[in-house]
Amino acid sequence: MNHQNSQQTTIQQAISRAKKATKQGNTAVAVNLYQAILKHQPNNLFVKKQLRKLQKELPRSPSAVEKTSSPPQDQIAALVNLYHSGQMVETEQACRKLLNTFPQALVVINVLGATLHGQGRLQEAVQAFNKAIELNPGSAEAHSNRGAVLQELGRSKDAETSFRQAIALKPDYAEAYSNLGNILQKLGRSKNAEASHRKAIALKPDYAEAHYNLGLLLSAATQYKKAAEQFKLSTFGESKHYLLRCLYLQDEKSLFFDQLDYFINQGEIHPMIGSLGCRSALRYGIERPNLFCKDPLKYVLKTDLNNQYDFEKIFVKTARTILNENRIPDRRQGLLTNGRQTSGNLFDLERDFTEEIQKIIRSEIEKYQVHFKSSEEGLITSWPTDYSLRGWLVSMKSGGKLRPHMHE
């Protein structure tokens, strides 16, 4: 879909929503929709005619249109600062309080959606962004935010549509291009994904996350030299750790050890550094201190969950129900044959359904920590005080196979 066709589709959707709002008596909502459309199609005669007609119906005194305005700027700034502080529960409460007074304040609805997203309440987040789009279909940010949540829900094609709508409305939207690139990669369209990431970088050369995403794509395509160039330009996420990995996979011995020694001298404890340190010792015969775990096999703890829980009921039955009812979309998995793998995070997408499984996993993690509490290995001493669980389901038919691979 080209830019012009995508934008026209978005405009038509907005007109349909405005017509629906008019029929339902939501005149103020319809006015907002038509005004947003005119920002992109100022000569649309149909929209102008409908807008003039509706504006005559609105009261001239402090009115429905004014009620759609946002809170004062100082309140918005305080809300945004609260969100960026990571206090999600408090931010949600503040959003809902403001929405009692300003029920159609787009910025507040967007912050609420982002807050719900941050709490893993993905369906509620989608609803919030849907409301923002209904009020203002011309909000590129709302379309992009909605796409990000749909991406986590495993609804890749819907997410692609949202990102493309965001770009149609805001052609210089670097973040939307980068997110679109991630989706296209998941859909197996690597060339288009790379082009999208490079467009994001062209629009915003210092965009660290876009360099990181492009690096991951190139690394997955075994283009390690090109990937390393992108990781060098990024400070986002695991960029420097993936740079170390690329140097190892390129067999750049000198550069690899320079980077590895830098991490060791900085006292950085990270599983990927530990993994690559072990692998480089085997390949090059050069030992380096492993700050993550010197002797990993000493830290294997075997537990038979069948002896402690009703494993068939809690784990197997739950997994079968999720798979048989197609409660979670599948994702593309190139290493898997004659089988399927769920997309997104199982524990976010089926939070209530997997609640007992999550409790058991967290309990076993706690037992693990207690078992090795006297250890001075970085694996134990640097264990995070807070963490999230991430998982998925793989189901194979007879003859199915998942090719061996490593998670550093």
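Predicted model: local features only at pLDDT ≥ 70, side-chain atom pairs only at ≥ 80, totals over all residues.

A: Residues are numbered from 1 along each chain as its sequence is written, and side-chain values use heavy atoms, with hydrogens and water left out.

Helices here are DSSP runs of H or I with at least four residues, numbered from the N terminus. Helix α15 spans residues 239-249, and because eight of its eleven residues are buried, it is largely enclosed by the rest of the structure. Buried means under 20% relative accessible area, exposed means over 50%, and partly exposed lies in between, for a 1.4 Å probe and protein chains only. The buried residues of α15 are S239, H241, L243, L244, R245, C246, L247 and Y248. Their cover includes α13 (208-220), α14 (224-232), α16 (253-265) and α17 (271-284).

One of these covering helices, α13, contains N213, a residue that is itself buried, with a relative accessible area of 6%. When residues up to four places away in sequence are not counted, N213 touches S178, N182 and H197, where contact means heavy atoms within 4.5 Å.

A contrasting case is E141, which is placed in helix α9 (residues 140-152) and is partly exposed, its relative accessible area being 34%. Leaving aside neighbours within four places in sequence, E141 is in contact with K170 and Y173. The side chains of E141 and K170 are joined by a polar contact of 3.1 Å, that is, a pair of N or O atoms within 3.5 Å, of which, within protein, one must be able to donate a hydrogen and the other to accept it, residues adjacent in sequence counting only if both atoms are side-chain atoms. The C-alpha atoms of E141 and L169 are 9.3 Å apart, with the two residues separated by 28 residues along the chain.

Turning to the cysteines, a disulfide is taken as a pair of cysteine sulfur atoms within 2.5 Å, and by this rule the count is zero. The sulfur of C293 has its closest cysteine sulfur in C278, at 7.9 Å, which is too far for a bond. C293 counts as buried at 4% relative accessibility, and C95 also counts as buried, at 0%.

Note on methods
Helix = DSSP H or I, 4+ residues; strand = E, 2+ residues; numbered from the N terminus.
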